[in-house]
Amino acid sequence: MLRITDARTGELVDAAPARRGLTRVEAHPRGLDPTGLRVLLAADLLVRALELGGTPVWALLTAERQHAELRAAADALGIRPFEDGEGAAGLGEAQVLRVVDEQRAGPDGVRIAVAPVTWSAPGAPDEADQAALRLALLTHPRSVPVVIDADALARAGDTLGRWRSAVADWARRPSRPVPDEVRAELRAAWEDDLDTPGVLGVLRAVEDDPGPADGARFETYAYADRLLGLDLARDLGHPA
């Protein structure tokens, strides 16, 4: 079961306390800046993790301004669409989770706080490779402040290129199931406060481990990408 840190108390709470009960996830970015994008990304990950656990989710964007710009930036970053949260009436949801930046006071209810992002790369965030930016943000726990510079984007881009090429190659081999122990490690990581660095660490271990068949590596990366949203299978079918 997914457990998430409530910023009000610092304690882990069940993200979906009622089995199969509707959970409402609200993203509360304060503006269109790198920290606001990280808030949207954290909400996207939360929605994905809940859905992977079989929980129905109602995802809402609640922002005071720049709605269209936020939606466009979220789409570019691979974030699935949110409904408009302004004035949205409840649907009898069992839990409400509000994703905010750590400097925002309120709102009431379970709050998932996101640390700030400092942009030090050339150009504006929307000019960067958005998949590399997503991976660069996922490399750090959301509670840790992040500096995104040219080196961070280059490292993330190199990793994405290598993994996408490997996934395309592994897909040419007979499929094999995700090893049980690897599946358990992935779920243990993302169900522990959305530990995306832990998920990425499992993928790196699978990449380097000579044991799994290539078909099992492919299924492992495809399974993890349901959470990560990095489009790791993008190059399937391309010439080697």
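The second largest cavity of this predicted model holds about 40 Å³ of space, where a cavity is a set of points, on a 1 Å grid over the protein atoms alone, at which a 1.4 Å probe fits but cannot get out. A volume here is the space filled by probe spheres set on the grid points, which are joined across faces, edges and corners. The lining, meaning the residues with an atom within 4 Å of a point, consists of P34, L37, V117, W119, P125, L133, L137 and I148. Two or more of these residues come from each of α1, β8 (117-119) and α3, the helices (H or I, at least four residues) and strands (E, at least two) being DSSP runs numbered from the N terminus. By class, this lining has eight nonpolar, no polar and no charged residues; Ala, Val, Leu, Ile, Met, Phe, Trp, Tyr, Cys and Pro count as nonpolar, Asp, Glu, Lys and Arg as charged, and the others, Gly among them, as polar.

Residues are numbered from 1 along each chain as its sequence is written. Local features of the predicted model need pLDDT of at least 70 and side-chain atom pairs count only at pLDDT 80 or more, while totals for chains, interfaces and linings use all residues, and side-chain values use heavy atoms, with hydrogens and water left out.

The lining of the largest cavity comprises seven nonpolar, two polar and two charged residues.

Pockets, by contrast, are open sets of points with protein on both sides within 12 Å along at least five of seven lines. The largest pocket has a volume of about 230 Å³ and is lined by 14 residues, of which M1, L2, A16, G53 and T55 lie nearest its centre. To this lining α5 (180-191) gives the most, with three residues, and the classes are seven nonpolar, three polar and four charged.

The second largest pocket, of about 180 Å³, has a lining that includes L135, H140, I148, R155 and R204. At least two residues each are supplied by α3, β9 (146-148) and α4 (150-170), and α4 gives the most, with four. This lining divides into six nonpolar, three polar and two charged residues.
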